Amino acid sequence: KINTDEFKSCDLKIKNSCAVSSCTAALHIVFSAIGIKENDEVIVPPLTFISSITPIMYFNAIPIFADISLKNYCLDPEDVKKKITKKTKAIVAVHFAGNICEMDKLKKIAKKNKIILIEDCAQALGGLYKNKKVGTIGDIGIFSFYSTKHITTGEGGMIVSKNKKFDEKCRLLR
(Lines give C-alpha, C1' and ligand atoms only; values in the text may rest on other atoms or scores of the structure.)
Protein backbone atom coordinates (compact mmCIF):
# COMPACT_ATOMS: atom_id res chain seq x y z
CA LYS A 1 0.00 0.00 0.00
CA ILE A 2 1.31 3.45 -0.94
CA ASN A 3 1.38 6.09 1.78
CA THR A 4 -0.11 9.09 -0.04
CA ASP A 5 0.98 11.46 2.76
CA GLU A 6 4.56 11.10 1.49
CA PHE A 7 3.50 12.38 -1.93
CA LYS A 8 1.41 15.24 -0.48
CA SER A 9 4.57 16.69 1.09
CA CYS A 10 5.97 17.11 -2.44
CA ASP A 11 2.82 18.74 -3.91
CA LEU A 12 3.93 22.28 -4.73
CA LYS A 13 0.40 23.48 -5.55
CA ILE A 14 1.74 25.38 -8.53
CA LYS A 15 0.06 25.32 -11.92
CA ASN A 16 3.00 25.85 -14.27
CA SER A 17 5.52 23.04 -14.55
CA CYS A 18 7.67 21.81 -17.40
CA ALA A 19 9.27 18.36 -17.32
CA VAL A 20 12.77 18.14 -18.82
CA SER A 21 15.52 15.55 -19.17
CA SER A 22 17.58 16.67 -16.12
CA CYS A 23 18.03 19.44 -13.60
CA THR A 24 21.00 20.64 -15.66
CA ALA A 25 18.69 20.90 -18.69
CA ALA A 26 16.20 22.76 -16.50
CA LEU A 27 18.79 25.38 -15.60
CA HIS A 28 19.93 25.64 -19.22
CA ILE A 29 16.35 26.20 -20.41
CA VAL A 30 15.69 28.71 -17.62
CA PHE A 31 18.78 30.76 -18.51
CA SER A 32 17.74 30.74 -22.17
CA ALA A 33 14.16 31.73 -21.28
CA ILE A 34 15.24 34.67 -19.11
CA GLY A 35 17.67 35.86 -21.78
CA ILE A 36 21.06 35.26 -20.17
CA LYS A 37 23.72 36.35 -22.65
CA GLU A 38 27.45 36.93 -22.96
CA ASN A 39 29.02 38.86 -20.06
CA ASP A 40 25.85 38.75 -17.93
CA GLU A 41 26.55 37.78 -14.34
CA VAL A 42 24.78 35.08 -12.35
CA ILE A 43 25.38 34.77 -8.61
CA VAL A 44 25.85 31.20 -7.36
CA PRO A 45 27.32 29.53 -4.29
CA PRO A 46 30.71 27.81 -4.58
CA LEU A 47 29.36 24.82 -2.63
CA THR A 48 27.21 23.15 -5.27
CA PHE A 49 27.29 20.60 -8.09
CA ILE A 50 29.12 21.65 -11.27
CA SER A 51 25.81 21.70 -13.16
CA SER A 52 24.88 24.90 -11.33
CA ILE A 53 27.80 26.58 -13.13
CA THR A 54 28.14 24.96 -16.58
CA PRO A 55 24.87 26.33 -18.05
CA ILE A 56 26.04 29.85 -17.11
CA MET A 57 29.28 29.27 -18.99
CA TYR A 58 27.41 27.83 -22.00
CA PHE A 59 25.95 31.31 -22.57
CA ASN A 60 29.39 32.92 -22.09
CA ALA A 61 27.97 34.55 -18.98
CA ILE A 62 30.01 34.89 -15.80
CA PRO A 63 29.38 32.88 -12.63
CA ILE A 64 29.91 35.12 -9.60
CA PHE A 65 30.56 33.17 -6.44
CA ALA A 66 29.00 34.49 -3.25
CA ASP A 67 30.05 32.98 0.07
CA ILE A 68 27.94 30.48 1.94
CA SER A 69 26.66 30.82 5.47
CA LEU A 70 28.16 28.36 7.92
CA LYS A 71 24.78 27.96 9.61
CA ASN A 72 23.11 26.33 6.57
CA TYR A 73 25.82 25.94 3.87
CA CYS A 74 23.66 27.98 1.48
CA LEU A 75 24.17 31.45 -0.04
CA ASP A 76 24.97 34.16 2.48
CA PRO A 77 22.54 37.01 1.66
CA GLU A 78 24.99 39.63 2.98
CA ASP A 79 27.68 38.47 0.57
CA VAL A 80 25.16 38.26 -2.27
CA LYS A 81 24.44 41.99 -1.76
CA LYS A 82 28.16 42.75 -2.14
CA LYS A 83 28.43 40.80 -5.41
CA ILE A 84 25.61 42.54 -7.31
CA THR A 85 26.62 44.75 -10.24
CA LYS A 86 24.80 46.30 -13.19
CA LYS A 87 25.58 43.07 -15.09
CA THR A 88 23.87 40.78 -12.54
CA LYS A 89 20.83 39.12 -14.13
CA ALA A 90 20.05 36.23 -11.78
CA ILE A 91 20.73 34.64 -8.41
CA VAL A 92 20.72 30.84 -8.15
CA ALA A 93 19.78 29.93 -4.59
CA VAL A 94 20.96 26.32 -4.19
CA HIS A 95 19.22 24.55 -1.32
CA PHE A 96 22.16 22.37 -0.31
CA ALA A 97 21.88 18.87 1.21
CA GLY A 98 18.35 19.51 2.45
CA ASN A 99 19.31 22.86 3.99
CA ILE A 100 17.17 25.76 2.83
CA CYS A 101 18.44 29.20 1.80
CA GLU A 102 17.30 32.32 3.63
CA MET A 103 14.67 32.98 1.00
CA ASP A 104 13.06 36.08 2.54
CA LYS A 105 16.38 37.91 2.46
CA LEU A 106 17.33 36.68 -1.01
CA LYS A 107 13.89 37.52 -2.39
CA LYS A 108 14.13 41.04 -0.97
CA ILE A 109 17.60 41.51 -2.52
CA ALA A 110 16.43 40.20 -5.90
CA LYS A 111 13.32 42.36 -5.93
CA LYS A 112 15.21 45.52 -4.93
CA ASN A 113 17.75 44.97 -7.72
CA LYS A 114 15.27 43.65 -10.33
CA ILE A 115 17.11 40.33 -10.55
CA ILE A 116 15.55 36.92 -11.25
CA LEU A 117 15.69 34.57 -8.24
CA ILE A 118 16.04 30.91 -9.22
CA GLU A 119 15.69 28.17 -6.61
CA ASP A 120 17.80 25.07 -7.29
CA CYS A 121 15.86 22.47 -5.32
CA ALA A 122 17.72 19.40 -6.61
CA GLN A 123 18.53 18.39 -3.03
CA ALA A 124 15.46 19.76 -1.26
CA LEU A 125 12.23 18.42 -2.81
CA GLY A 126 9.56 18.59 -0.12
CA GLY A 127 11.53 21.13 1.91
CA LEU A 128 9.81 24.03 3.64
CA TYR A 129 10.88 27.57 4.38
CA LYS A 130 8.50 29.31 6.80
CA ASN A 131 5.73 26.89 5.73
CA LYS A 132 6.31 27.61 2.03
CA LYS A 133 7.42 24.84 -0.32
CA VAL A 134 10.88 25.31 -1.82
CA GLY A 135 10.70 25.99 -5.53
CA THR A 136 7.64 28.22 -5.09
CA ILE A 137 9.25 31.12 -3.21
CA GLY A 138 11.57 32.60 -5.84
CA ASP A 139 10.64 33.46 -9.41
CA ILE A 140 11.54 30.00 -10.73
CA GLY A 141 12.16 26.59 -9.15
CA ILE A 142 14.11 23.69 -10.64
CA PHE A 143 14.19 20.09 -9.45
CA SER A 144 16.14 16.91 -10.12
CA PHE A 145 14.80 13.37 -10.39
CA TYR A 146 18.22 11.76 -10.77
CA SER A 147 18.64 8.34 -9.17
CA THR A 148 20.16 9.77 -5.97
CA LYS A 149 17.34 12.26 -5.31
CA HIS A 150 14.18 12.15 -3.15
CA ILE A 151 11.94 11.15 -6.05
CA THR A 152 13.62 9.47 -8.98
CA THR A 153 12.86 8.70 -12.58
CA GLY A 154 16.44 7.56 -13.16
CA GLU A 155 17.03 10.92 -14.84
CA GLY A 156 14.74 13.89 -15.23
CA GLY A 157 14.10 17.39 -14.03
CA MET A 158 11.35 19.94 -13.61
CA ILE A 159 10.92 23.68 -13.98
CA VAL A 160 8.17 25.39 -11.99
CA SER A 161 6.98 28.99 -12.10
CA LYS A 162 3.96 31.09 -11.22
CA ASN A 163 4.28 32.83 -14.61
CA LYS A 164 2.26 31.14 -17.37
CA LYS A 165 4.08 32.94 -20.24
CA PHE A 166 7.44 31.90 -18.81
CA ASP A 167 6.19 28.31 -18.56
CA GLU A 168 5.08 28.40 -22.22
CA LYS A 169 8.51 29.72 -23.25
CA CYS A 170 10.23 26.89 -21.35
CA ARG A 171 8.00 24.35 -23.05
CA LEU A 172 8.93 25.73 -26.48
CA LEU A 173 12.64 25.68 -25.62
CA ARG A 174 12.37 22.15 -24.28
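**Helix H5 and its lysines**

Guide: Lys-105 belongs to helix H5, which spans residues 103-113; helices (H or I, at least four residues) are DSSP runs, numbered from the N terminus. This is a predicted model, in which local features need pLDDT of at least 70 and side-chain atom pairs count only at pLDDT 80 or more, while totals for chains, interfaces and linings use all residues. Residues are numbered from 1 along each chain as its sequence is written, and side-chain values use heavy atoms, with hydrogens and water left out.

Lys-105 is partly exposed, at 44% relative accessibility; buried means under 20% relative accessible area, exposed over 50%, and partly exposed in between (1.4 Å probe, protein chains only). The C-alpha atom of Lys-105 is separated by 6.3 Å from that of Pro-77, 28 residues apart along the chain.

Helix H5 also contains Lys-111, which is exposed with a relative accessible area of 70%. Together with Lys-107, Lys-132 and Lys-162, Lys-111 forms a positive surface patch. Patches are made of residues with over 30% relative accessible area and no salt bridge, like charges being joined within 9 Å and nonpolar side chains (Val, Leu, Ile, Met, Phe, Trp, Tyr) within 5 Å. A salt bridge is a side-chain nitrogen of Lys or Arg within 4 Å of a carboxyl oxygen of Asp or Glu. Lys and Arg count as positive, and the charge of Lys is placed at NZ. Accessible areas come from the Shrake-Rupley method with a 1.4 Å probe.

Notes:
Helix = DSSP H or I, 4+ residues; strand = E, 2+ residues; numbered from the N terminus.
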